[in-house]
Amino acid sequence: MLTAECSPSRDRLKSMKDIAAWALNVADMRGASYADVRVADDRSRALSTKNGKVGGASDAESFGVGVRVIADGAWGFAASDDLSRAAVEATAARAVEIAKASARVKLHDIRLAAEKAVTAEWTTPFRIDPFTTSVEENLELLLKIDAELRGVAGVTLAETNMNFRREEQWFASSEGADIHQTKYTTGVGYAAHAFAGNEIQKRSYPTSFGGQWQNKGYELIAELGLIENARRVGEEAVALLSAEQCPEGKFDVVLEGSQLGLQIHESVGHPIELDRVLGMEANFAGTSFLTLDKLRTLRYGSDLVNVVADARQEHGPGLGTFAFDEEGVAAQSTPIITNGLFTGYLSSRETAPTIGLARSGGTLRAEGWNRLPIIRMTNISILPGERPLSCEQLIGDTDDGIYMETNRSWSIDDKRYNFQFGCEIGWEIKRGKRVRMLKNPSYSGITTEFWNAMDAICSREEWVLWGIPHCGKGQPQQVMGTGHGASPARFRGVKVGSAYRGSE
Amino acid sequence: MLNKGQAGEIFTRIKEFASADEVEVSFFSTANALTRFANNIIHQNMAEENVVVSVRTAFGRRTARATTNKLDDESLRRVVEASEKLARVQHADEDLLPMFAGNSKAAGEGARPTRYFAETAAITAEDRAATVEQIVGVAKRNSLTTAGIVSSSVAVEGIFNSRGVAEWHEQTSSEISITMLAGDSSGWQKANSPDAGQLNAVGLAEIAAEKARRSAGPREIPAGKYTVILEPAAVLDMVGFMFYDFGGLAILDQRSFLNNRVGTKVFGENVDIWDDVAHPLQSGAEFDGEGVRRQKVQLVEKGVVKRLVYARASAERMERSEYKDKVGPIAATGHGFSLPNEIGEAPMNIVFGAAATPQSIDQMVASTERGILVTRLWYIREVDPYEKILTGMTRDGTFLVENGKIQRGVLNFRFNESLIHLLSNVEAMGSLVRASGEESFDMVVPAMKVREFNFTEVTKF
């Protein structure tokens, strides 16, 4: 199971076509007006180390079929790990039965935006299939990083991780779509913790909570300067213990790119999900302040704020990059914020017509074969500034402010207005210079006020397509990877430090 | 659904394919169905069936895991091979123990409450739709919009190893979560039980509707320190953030807020906390990721952190460590996660001690001069790992209490509150309930009235 097949054998393709045909025929016979089938073969590897030893080493594969139908004007979905003809047919029949039960509590029949059915084949571009790399060498690299981190006196815990995933999927619909896609993901990261006295500090690289993740092969690993940065990361973790506490007040804040990526994720990516806007996620993930009247009327941010939802390959190897979404709609780029104006939502075939769109924006995605696809972020990215500006120049241009790097905590209300982020490390900026390190930096605000306070963003050279591998949404909850391109940016007059207000 | 006999046969086949010194196989099999509703209609409705076989092999002190959901011989051969291939290239880990040799008869004796209910297992999509219809009926009678879930499932979990462990657990689960939405307010209720017969959909819907109606037209009041009455779901969603720190490995790794605090009074005198899988309101398997039976452990007694929980290897390491005299009794307690892992162990069947004189929410309100009643908290994250400061929002029913009465709904708050502070300032507790939230695993907790809860900001709704 661990040697990835470069191309599916003819037998395998044939059996996938058979499975799809069995399911679609039964759905049709039982009265479904629409059906689609997804067969997915998902393989992953997770390696990790802790304090000089291997922490985890595991491979996993999951292979199954999910059938989604509309019958009596309502949705049904059933999934099974059993790919025998009898089981696939029973699963399709079950999906129809579930749809008919759904129809018991409906107001209108489901209608889908039209989509041309296509036959297509696509694979993530990659140079090195990560599953062909040597586990021994992978572990050697992680242990070398670990040794660098623990070479710093005062580091009390060092952790590293490396993750690979390959998702192969066959999609077929009653409208005639026939799409075969294979996505590769590579992720890598590490963290140093330092405990002394009454505090635990932490530094991570390339960013926190699992590091950097992209839809790429093993080549990602070599691009990140992992070993070169390890010593500094360990030293910063220890230095934070004796750094000054970040002050409380209003400051100009410069955010490093991965933190800005998470800010986009929480305060742009989630509120633009049309299912949230329409109340479909009200019980769990919540709703959105971006009610339909706000489209093309709300000043979301300053003129410099340009955000797109772009799943196309030309946007880069993001965790939200694909050729087709999980209802067969081609990857698109949708303008979300255009020169500060709110211009678009993330949509699906079911939801697009509610905002007058003729076509879905192509954002329906599922965690695996056993989950119903729902609207998910693709790559929600802020475009870099057009005027050349490096991060050092941006700091140099800041008279009195705080620079913050790497997320430590994140929280936002269920309509996505009030947020608070904590970062691992900060630096006070005085007259264009970083003058001292600050520990426990945090900032908070209201989404639209914050984006309207953005007065500078670095240019293309500083722009990185960050990956967030662990976004949760839906019931049962589905974990999804999303991409967020960002370069460092500055926000004027931001509320800083309230996370520690009131604690003695 | 896989049964123990079939699992035993698969284990025998796997052993034949293996060349490793030791083999352990974990089984997970589910039939899970969830009906989702929003805008007073069923908008998503799913059912899934899956069997997962996870193989851990060990060559001396090297181990690794591989997992599949295919049970044919070829797939089982491949999963064994994958596990062995990964295990062979590991560095020897001097802390890795031989696989567990099985529970003594006395271990976990009498700790086998039934958690399988045939009526729950038999629930159909039609049945769930009928329940949703009733919930929507309550919404319509109150001119509200409702969203939520009705789910039912059967799950089995088992573990076998080449040293004789053969543990098996089968249970049903059911869950109802309901949000009721009005123009500018909302209310929420959620409940979960192995036995669907214990859940009262209409009752939950009516409470959620009442909360939505009573919090309509919310007013802004300033952030600051308030006495709060936290309903059980709000309590569990906060306290859940600390239990990963009650594992021995968390202390050995120096990542726990209990570093240098075990044996000291961390919380108020009125706080007792147990981990007890056998408690009648608890749920889940009676054995851990290595097949060790879960013991009942008193973690906190009168505010003093008394004990930690341990996987086998963590207990051995703790015995050899510089902390061994400072952490209370050390023994494998049956709380380990599947190996190999970095976390070690955690207590996952939390039961708070019952208050001597439990108070109802109404009684807590009646004794409050000025405070906030919190239905539910949301998006909780850890701000500070050692002081255990958490941030998050209130949601779906936040009320101002004045002069012993619920006065009105208020705009939702952001809090930044230390768990140490929270559990040191509990003025009153309710009776114990099985509570269910969204940020933490289900547990048995009371509602709490807490003084000086730290709200730092107000949002716009």
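**Close-up views of a predicted model**

**View 1. A:Pro206 lies in the loop that runs between strand S7 (199-205) and strand S8 (212-214) of chain A.** The structure shown in this and the following views is a predicted model. The peptide bond leading from A:Tyr205 into A:Pro206 has the cis form. Its omega angle is near -10 degrees.

**View 2. A cis peptide bond links A:Gln475 to A:Pro476.** For this bond, omega is about -5 degrees. A:Pro476 belongs to the loop between strand S22 (464-473) and strand S23 (478-486) of chain A.

**View 3. A:Asn51 adopts a positive phi although it is not a glycine.** The value of phi at A:Asn51 is about 45 degrees. The residue sits in the loop between strand S1 (34-50) and strand S2 (53-71) of chain A.

**View 4. Helix H3 (residues 135-150) packs with helix H5 (residues 226-241) in chain A.** The two helices make an angle of about 25 degrees, and their axes are 7 Å apart. An angle under 35 degrees counts as roughly parallel, and H3(A) and H5(A) are therefore roughly parallel to each other. The crossing of H3(A) past H5(A) is right-handed. On the side of H3(A), the contact is formed by A:Lys144, A:Ile145, A:Glu148 and A:Leu149. These residues meet A:Leu226, A:Ile227, A:Ala230, A:Arg231, A:Val233 and A:Gly234 of H5(A). By class, the residues of this contact between H3(A) and H5(A) comprise 6 nonpolar, 1 polar and 3 charged.

**View 5. Four strands of chain A form an open sheet with antiparallel pairing.** The order of the strands in chain A is S13-S12-S11-S16. Strand S13 (341-342) and strand S16 (380-382) of chain A stand at the edges with a single partner strand each, so one side of each has no neighbour in the sheet. Within the sheet, strand S11 (residues 307-310) and strand S12 (residues 333-338) of chain A run antiparallel and are joined by 4 bridges. A:Val308 stands opposite A:Pro335, a residue of S12(A). Helix H6 (residues 257-269) of chain A packs on this sheet and touches S11, S12 and S16 of chain A. The direction of H6 makes about 120 degrees with that of S16(A).

**View 6. Strand S3 (residues 74-80) of chain A pairs with S2(B) across the contact between the chains.** The pairing of S3 of chain A with S2(B) is in the parallel sense and extends over 4 bridges. Here, A:Phe77 has B:Met46 of S2(B) as its bridge partner. In the contact as a whole, chain B supplies 79 residues and chain A supplies 72 residues. Strand S2 (residues 41-59) of chain B provides 11 residues, the largest share of the side of chain B that touches chain A. This side of chain B has 31 nonpolar, 25 polar and 23 charged residues.

**View 7. Chain B contains 10 helices and 19 strands.** The radius of gyration of chain B is 24 Å, close to the 23 Å that the globule rule gives for 461 residues, so chain B is as compact as a globular protein of that length. The C-alpha trace of chain B spans about 70 × 55 × 40 Å along its principal axes.

Notes: Residues are numbered from 1 along each chain as its sequence is written. Chains are lettered from A and ligands numbered from 1 in the order in which they are written. This is a predicted model: local features need pLDDT of at least 70, side-chain atom pairs count only at pLDDT 80 or more; totals for chains, interfaces and linings use all residues. Axes are lines fitted to C-alpha atoms, for helices over the stretch in contact, and angles run from 0 to 180 degrees between N-to-C directions. Angles under 35 degrees count as roughly parallel, over 145 as roughly antiparallel, 65 to 115 as roughly perpendicular and the rest as oblique. A crossing is left-handed if the near helix is turned anticlockwise from the far one by less than a right angle, and right-handed if clockwise. Two residues are in contact if their C-beta atoms, placed from the backbone, lie within 7 Å. Ala, Val, Leu, Ile, Met, Phe, Trp, Tyr, Cys and Pro count as nonpolar, Asp, Glu, Lys and Arg as charged, and the others, Gly among them, as polar. Two strands pair if DSSP finds at least two bridges between them. The radius of gyration is taken over C-alpha atoms; the globule rule is 2.2 Å times the number of residues to the power 0.38.
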